[in-house]
Amino acid sequence: MLELPTAFPLALAAERLWYAAPLIVSVSLCYAATRHEEPGPILAHGGRFALWVLIFMLVVAAGLQVFGWMQG
């Protein structure tokens with residue numbers, strides 16, 4: 001019988017990625033709230049900052065994937 005982590009490693013990784021969503025939202029909103037006082041600009045800046053965090057995480061993940069392919 002196959003175990004989930006060995007049979008479907010990407011499924012387990014995708015499941016763990018959902019833990020990043022609340023962290024990204026909370027960090028983005030807290031950072032934006034230190035720069036603005038009104039809710040509108042806080043939400044706009046928080047959304048832009050969350051997008052930057054997601055792009056950075058994707059670039060790092062892609063780099064790690066490439067290095068993994070080079071090793072294997």
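Analyst: Gly47 lies in helix H4, where helices are DSSP runs (H or I) of at least four residues, strands are DSSP runs (E) of at least two, and both are numbered from the N terminus. This is a predicted model, in which local features need pLDDT of at least 70 and side-chain atom pairs count only at pLDDT 80 or more, while totals for chains, interfaces and linings use all residues. Residues are numbered from 1 along each chain as its sequence is written, and side-chain values use heavy atoms, with hydrogens and water left out.

Back to Gly47: its relative accessibility is 39%, so it counts as partly exposed (buried is under 20% relative accessible area, exposed over 50%, partly exposed in between, with a 1.4 Å probe and protein chains only).

With 56% relative accessibility, Leu43 counts as exposed. Its C-alpha atom is 6.9 Å from that of Leu29, 14 residues away along the chain.

Now for how H4 meets another helix. Two packed helices are described by the angle between their axes and the distance between the axes. Helix H3 (residues 20-33) and H4 have axes that come within 8 Å and cross at roughly 135°; axes are lines fitted to C-alpha atoms, for helices over the stretch in contact, and angles run from 0 to 180 degrees between N-to-C directions. H3 and H4 are therefore oblique to each other, since under 35 degrees counts as roughly parallel, over 145 as roughly antiparallel, 65 to 115 as roughly perpendicular and the rest as oblique. Their crossing is right-handed, meaning that the near helix is turned clockwise from the far one by less than a right angle.

Further along, Phe56 is in helix H4 too, and Phe56 is exposed, at 59% relative accessible area. Phe56 belongs to a nonpolar surface patch that also includes Leu54, Trp69 and Met70, with about 1100 Å² of accessible area together. Such a patch joins nonpolar side chains (Val, Leu, Ile, Met, Phe, Trp, Tyr) within 5 Å, from residues with over 30% relative accessible area and no salt bridge (a Lys or Arg side-chain nitrogen within 4 Å of an Asp or Glu carboxyl oxygen). Helix H4 (residues 39-71) gives the most to this patch, with 9 residues.

Finally, the setting: the protein has 4 helices and 0 strands.

Key:
Patch = residues over 30% accessible without salt bridge, like charges linked within 9 Å, V, L, I, M, F, W, Y side chains within 5 Å. Areas by Shrake-Rupley, 256 points an atom, 1.4 Å probe, with all protein chains shown as cover.
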